[in-house]
Amino acid sequence: MHSPSAIRLLKTRPPAESEPLNPRDFLKTEKHIRARVYTAAAIVILVLTTVLVVGTSAGIVSGPNLVNPGTGQTSALTTHGFLEITPNADGWNAETSTAPIVRIRAANSEEYLLCRAVPANTRDTIELDEGTYLISWITPVDANGRLYIPPEAEEQVTVRAGHTVTRNATFTPVPPEESAFGDYAATIDIVGEAMAHGDETLTGEAGEAFMRKLQENANEAPNFFIYVPEEY
């Protein structure tokens, strides 16, 4: 038993302050304590690894909102494909000739979806929704009135999302003296119809300049006289 003075001494002695364990001193602790610490650390690492694997398989890329599209979801970029076209015409002049015009319509529609002037001997790319289309061409007209025979039949193309389909079109030049008045009149009428569905290459000031050059070039042909449709 403790004496009264010893008891008073124990009661008045301040409690020992605990100091953080120095990492170097950790190796000096009892083996069973170190084993428990190692086991706890291993459990924490295992839990974190499991969360990471499960999160990755669930589609988490990084950050709170970056999630891969789930089943049935499609990114907006993957609903479109591309049609790459190249009209080839020997002797065509970018400065003085009108450009070939491509006409595009859906395979299940009679109305043109898009008409676009595409400079000959160059490659152009048009973005389209996924689907099946029919493409046709309108002849350019050179400064001397020369016409070109475009591909006669409409060509069917299937555009797949995220893919590019390529098509070339070959135009055969025809000497101006071998073309008739009706060929030029029909070309001007067809171009006027295409402008109703034209993009920026066939509307506004660009459309007016195109039609003006077309009429001027046609008027240079020996078998053609000035022809201006009423709507122009």
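Colleague: Which residue does R105 form a salt bridge with?
Modeller: E154; the closest N and O atoms are 2.7 Å apart. Salt bridge here means a side-chain nitrogen of Lys or Arg within 4 Å of a carboxyl oxygen of Asp or Glu. This is a predicted model, where local features need pLDDT of at least 70, side-chain atom pairs count only at pLDDT 80 or more, and totals for chains, interfaces and linings use all residues. Residues are numbered from 1 along each chain as its sequence is written, and side-chain values use heavy atoms, with hydrogens and water left out.

Colleague: Which parts does the R105 and E154 pair tie together?
Modeller: R105 lies in strand β4 (residues 101–106) and E154 in the loop between β8 (147–149) and β9 (155–159), so the pair links parts that are 49 residues apart in sequence. Helices (H or I, at least four residues) and strands (E, at least two) are DSSP runs, numbered from the N terminus.

Colleague: R105, buried or exposed?
Modeller: R105 counts as buried, at 10% relative accessibility. E154 is partly exposed at 35%. The cut-offs are under 20% relative accessible area for buried, over 50% for exposed, and partly exposed in between, with a 1.4 Å probe and protein chains only.

Colleague: How many salt bridges by this rule?
Modeller: Seven.

Colleague: What about R116, which Asp does it form a salt bridge with?
Modeller: D199, with the closest N and O atoms 2.5 Å apart. R116 is in strand β5 (residues 114–117) and D199 in the loop between α4 (181–195) and α5 (204–218), so this pair ties together parts 83 residues apart in sequence. Both are buried: R116 has a relative accessible area of 18% and D199 one of 13%.

Colleague: And E200, how far apart are its closest atoms from R116?
Modeller: The closest N and O atoms of that salt bridge are 3.1 Å apart. E200 also lies in the loop between α4 and α5, so its pairing with R116 in β5 spans 84 residues in sequence. Through shared partners, salt bridges join R116, D124, D199 and E200 into one network. E200 counts as exposed, at 53% relative accessibility.

Colleague: Switching topic. How many residues in the largest nonpolar core?
Modeller: 39 residues; I101 and F210 are among those with the most contacts inside it. α4 gives the most to this core, with five residues. A nonpolar core is a set of buried Ala, Val, Leu, Ile, Met, Phe, Trp, Tyr and Cys residues joined through side-chain atoms within 4.5 Å.

Colleague: What does I101 touch?
Modeller: Not counting residues up to four places away in sequence, its contacts (heavy atoms within 4.5 Å) include R116, W137, V191 and F210.
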